[in-house]
Amino acid sequence: MAYAIGMARPMSTLVDTFGTEKISRSEIERLVSEHFDLRPAAFRDYLKLHRPIYAKTAAYGHFGREDDDFTWEKTDKADVLRAAAGLS
């Protein structure tokens, strides 16, 4: 995502699947834009990033965790995206 000062929505979106995509990268970018509100305040709310979970994130890394507090690890939109892409 590339943001500009004073602009709520990203100026551009880049998707790189490292060659594993089943549909075009431009279609993936369109689906991301359609199904995710990428305004900073919106994803801050969606991911509940306003909670102070500093101690948990300070140890053992930020990614690959199954703890419910690591909201960015959830794949709750996978089925919707798969269906929208015609990959159900």
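Student: Which residues lie nearest the centre of the largest pocket?

Tutor: Rolling a probe the size of a water molecule over the atoms shows where empty space is left. Here a pocket is an open set of points on a 1 Å grid over the protein atoms alone, where a 1.4 Å probe fits, with protein on both sides within 12 Å along at least five of seven lines; lining residues have an atom within 4 Å of a point. Phe 36, Tyr 46, Leu 47, Trp 72 and Lys 74 lie nearest the centre of the largest pocket, out of 18 lining residues. This is a predicted model, in which local features need pLDDT of at least 70 and side-chain atom pairs count only at pLDDT 80 or more, while totals for chains, interfaces and linings use all residues. Residues are numbered from 1 along each chain as its sequence is written, and side-chain values use heavy atoms, with hydrogens and water left out.

Student: What volume does the largest pocket have, and which helix gives the most to its lining?

Tutor: A volume is the space filled by probe spheres set on the points, which are joined across faces, edges and corners. For the largest pocket that is about 510 Å³. Helices are DSSP runs (H or I, at least four residues), numbered from the N terminus. Helix H2 (40-46) and helix H4 (78-84) each supply at least two lining residues, and H2 gives the most, with three.

Student: How many residues of each class are in the lining of the largest pocket?

Tutor: Ala, Val, Leu, Ile, Met, Phe, Trp, Tyr, Cys and Pro count as nonpolar, Asp, Glu, Lys and Arg as charged, and the others, Gly among them, as polar. The lining of the largest pocket has 10 nonpolar, three polar and five charged residues.

Student: What is the volume of the second largest pocket?

Tutor: The second largest pocket has a volume of about 260 Å³. Its lining has 13 residues, and Ile 23, Ile 28, Leu 81, Ala 85 and Leu 87 are the closest to its centre. Helix H1 (25-35) and H4 are the elements that give two or more residues to this lining.

Student: Which residues make up the largest nonpolar core?

Tutor: A nonpolar core is a set of buried Ala, Val, Leu, Ile, Met, Phe, Trp, Tyr and Cys residues joined through side-chain atoms within 4.5 Å. Buried means under 20% relative accessible area, exposed over 50%, partly exposed in between (1.4 Å probe, protein chains only). The largest core has seven residues: Val 15, Ile 23, Ile 28, Leu 31, Val 32, Leu 38 and Ala 85. Contact means heavy atoms within 4.5 Å. Leaving aside neighbours within four places in sequence, Leu 31 is in contact with Ile 23, Leu 81, Ala 84 and Ala 85.

Student: How many salt bridges does the structure hold?

Tutor: A salt bridge is a side-chain nitrogen of Lys or Arg within 4 Å of a carboxyl oxygen of Asp or Glu. The structure holds nine. One of them joins Glu 34 to Arg 30, with the closest N and O atoms 2.4 Å apart; both residues lie in helix H1, four residues apart. Another joins Asp 79 and Arg 82 at 2.7 Å, N to O. Asp 79 is exposed, with a relative accessible area of 57%, and Arg 82 is partly exposed at 39%.

Student: Is Phe 70 buried or exposed?

Tutor: Phe 70 counts as buried, at 1% relative accessibility. Phe 70 lies in the loop between helix H3 (54-58) and H4. Not counting residues up to four places away in sequence, Phe 70 touches Lys 56, Thr 57, Gly 61, His 62 and Arg 65.
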